[in-house]
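Work through the exercises below with the sequence and the coordinates side by side, and try each task before reading its solution.

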Amino acid sequence: MTIHPKPTASPTPSPIPNQAPLADRTTGASGSEKPHKPAPFEQPKLRLELRDITHPATSKFLNAVDITAIFPTAVSKVQRLLYQSPSDPSTNVPPTRSVTLVLRDMDGVAYTTGLDLDYDHKEIHFSLDYIDRISPPSRLAAEITGVLTHELVHCYQWRALGTCPGGLIEGIADWVRLNCDLSPPHWKRDLDGDWDRGYQHTAYFLQYLETRFGEGTVRRINEKLRLCEYEAKPFWTELLGRPVEQLYGDYTAAEGKGESQNHMVDDSTQT
Ligand SMILES: [Zn+2]
C-alpha cells in the first residue's frame, strides 16, 4: 500500500557539492565562533491586509512603496532606536509576534491596537482617505513610511503599566520618526505650550534630552517606562536629575536663544 519514492530520490539531505567542509570556512577550530555582526532582533510576522482594492489610494500606496522592503526595514529601525541590542542584558523588547498593516476606509490617519485574544499580535490601521490626500505625490513614500514607523513604535514601546502620559507615548513615536529622517516638512520646534503636548513637540524636546544627556537617553526613558508606574517627579529626577518642568525650561531657553543666534549655541548644549 505504501508508495515508495524512486530509488534515485535521497531520503536525507546531501552535502552541497563543491563546497569546503564547515571547519575550513570558519577559522578552523569548530562551528562555535560568534558571527561578526550583532544578532538581529527577533522579527515579527508581518502581514498586509487590503480592505478595499478599488479605493484609489490602494494603488497609490502600492505604486509609491515596496511594502515588502519598507515594512521590515521600519521594524528594524524602531527596534534599534528603542533598544540597544538583543544581546544586551538591559534589553527588554515586548514580545510582539505579528504586525498586520490594514489599509482601510476610515477617519483620521492611523492607529495601532493589540488583538483582544492575544495582545502580542498588533494591527496598524492606516486610512486610505488620508493616503489619498497626501500632497504632493512626491511625498507619498516618505509620508507612508513615516506614519508606518510612528505606529510601529506603538508596537514596541513600554507604557508604564498603562500610566504613561499620552503625550510622552506620542512624543517617543515621533522622536523615532524624526531619527529615521522621516519628519514631514511642516514639523517645527514650537516652544509654546507644555512639554507633553505630544507628537513632534515632545519629540523635539526628547531630541534635546538625547543631545544633552547622551545617546541612549530616550532608550533609558523607554526602559524606565517598562519598570514602574509613571509619577512625574521621581520618574524624571531619578533618570535625569531634575524635574521635567526644569528640563523643559532649559530646552525652551536653549532653543529660543538658538533661534535668535542662528543656532550658534548648539555646541554648548552637548555637554
Ligand atoms: Zn501615535
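The model is a predicted one, in which local features need pLDDT of at least 70 and side-chain atom pairs count only at pLDDT 80 or more, while totals for chains, interfaces and linings use all residues. Residues are numbered from 1 along each chain as its sequence is written, and side-chain values use heavy atoms, with hydrogens and water left out.

**Exercise 1. Describe the largest pocket and state which parts of the chain line it.**

Step 1. A pocket is an open set of points on a 1 Å grid over the protein atoms alone, where a 1.4 Å probe fits and protein lies on both sides within 12 Å along at least five of seven lines; lining residues have an atom within 4 Å of a point. The largest pocket holds about 340 Å³ of space, a volume being the space filled by probe spheres set on the points.

Step 2. The lining comprises 23 residues, and A110, H150, E151, E170 and Y199 are the closest to the centre of the pocket. Two or more lining residues come from each of β3 (110–114), α5 (140–156), α6 (166–179) and α7 (199–213), where helices (H or I, at least four residues) and strands (E, at least two) are DSSP runs numbered from the N terminus.

Step 3. By residue class, the lining has nine nonpolar, seven polar and seven charged members. Domain 1 (42–156) and domain 2 (158–271) each supply at least three lining residues, with bounds that come from an automatic or database domain assignment.

**Exercise 2. Examine α5 and determine how its span relates to the expected one.**

Step 1. α5 has 17 residues and reaches 25 Å from its first C-alpha to its last, close to the 24 Å expected at 1.5 Å a residue; the expected span is 1.5 Å times one less than the number of residues.

Step 2. Of the 17 residues in α5, 15 are buried, a term that means under 20% relative accessible area, whereas exposed means over 50% and partly exposed lies in between (1.4 Å probe, protein chains only).

**Exercise 3. Locate the backbone exceptions in the loops on either side of α5.**

Step 1. Most residues other than glycine have a negative phi, and most peptide bonds are trans. Between α4 (128–133) and α5 lies the loop that contains P136, and the peptide bond joining S135 and P136 is cis, with omega about -5 degrees.

Step 2. A160 belongs to the loop between α5 and α6, and L161 is also in the loop between α5 and α6. The phi of A160 is positive, near 55 degrees, and the phi of L161 is likewise positive, near 55 degrees.

Step 3. Which of the two is buried and which exposed? A160 is buried, with a relative accessible area of 0%, whereas L161 is exposed at 59%.

**Exercise 4. Characterise the aromatic pair of F205 and Y251.**

Step 1. Rings of Phe, Tyr and Trp (its six-membered ring) pair if their centres lie within 6.5 Å, and planes under 30 degrees apart count as stacked, over 60 as edge-to-face and the rest as tilted. The structure holds nine aromatic pairs. Among them, F205 and Y251 form a tilted pair, 5.5 Å centre to centre with 55 degrees between the planes.

Step 2. F205 lies in helix α7 and Y251 in helix α10 (residues 244–260), so the pair ties together parts that are 46 residues apart in sequence. Both F205 and Y251 are buried.

Step 3. Ring pairs link F205 and Y251 with W195, Y208, Y230, F235, W236 and Y248 into a cluster.

Definitions and conventions. Ala, Val, Leu, Ile, Met, Phe, Trp, Tyr, Cys and Pro count as nonpolar, Asp, Glu, Lys and Arg as charged, and the others, Gly among them, as polar.
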